[in-house]
Amino acid sequence: MTGQEAVTIALEGGPSDSPGEAAHPAVSGAMDTVKVPHQGGYEHFERDPDPKGPGGRSSEVFRWVTRMAE
């Protein structure tokens, strides 16, 4: 993560057994997408455009958008 500040994010959504709804390690603050390995494929999450999120949440939230096979 050279040149970019790391931020801790939260993942939301996805299949019931996916790593979503869990904290994710820090990523570059410039990243708009995150892919997480899961059961032979990848769960794809995109940055929520509202940084506060529902309820005034101040963490960076990435929401599930699709699954891609490996």
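Predicted model: local features only at pLDDT ≥ 70, side-chain atom pairs only at ≥ 80, totals over all residues.

**Strands.** Select strand S1 (residues 6-12) and strand S5 (residues 60-69). They pair in the parallel sense over 4 bridges. Ile9 stands opposite Glu60 in S5. S4 and S5 run antiparallel, joined by 7 bridges. Look for Glu43: opposite this residue is Arg67 in S5.

**Salt bridges.** The whole structure holds 5 salt bridges. Select Arg63 and Glu12 for one of them, with the closest N and O atoms 2.1 Å apart. Arg63 belongs to strand S5 and Glu12 to strand S1, 51 residues apart.

Asp48 sits in the loop between S4 and S5, 15 residues from Arg63. Together, Glu12, Asp48 and Arg63 form a salt-bridge network. Is Asp48 buried or exposed? Asp48 counts as buried because its relative accessibility is 13%, under the 20% cut-off. Arg63, at 28%, counts as partly exposed.

Next, select Arg47 and Asp32. Their salt bridge has its closest N and O atoms 3.3 Å apart. Arg47 lies in strand S4 and Asp32 in the loop between S2 and S3, so the pair ties together parts 15 residues apart in sequence.

**Glu46.** Glu46 is partly exposed, at 41% relative accessibility. Show its contacts: among them are Asp32, Thr33 and Arg63.

Conventions
Residues numbered from 1 in each chain as written. Heavy atoms only, no water. Buried < 20%, exposed > 50% of the residue type's maximum accessible area, 1.4 Å probe, protein only. Contact = heavy atoms within 4.5 Å. Pairing = 2+ DSSP bridges. Helix = DSSP H or I, 4+ residues; strand = E, 2+ residues; numbered from the N terminus. Salt bridge = Lys/Arg side-chain N within 4 Å of Asp/Glu carboxyl O. Lists of a residue's contacts leave out its neighbours within four places in sequence.
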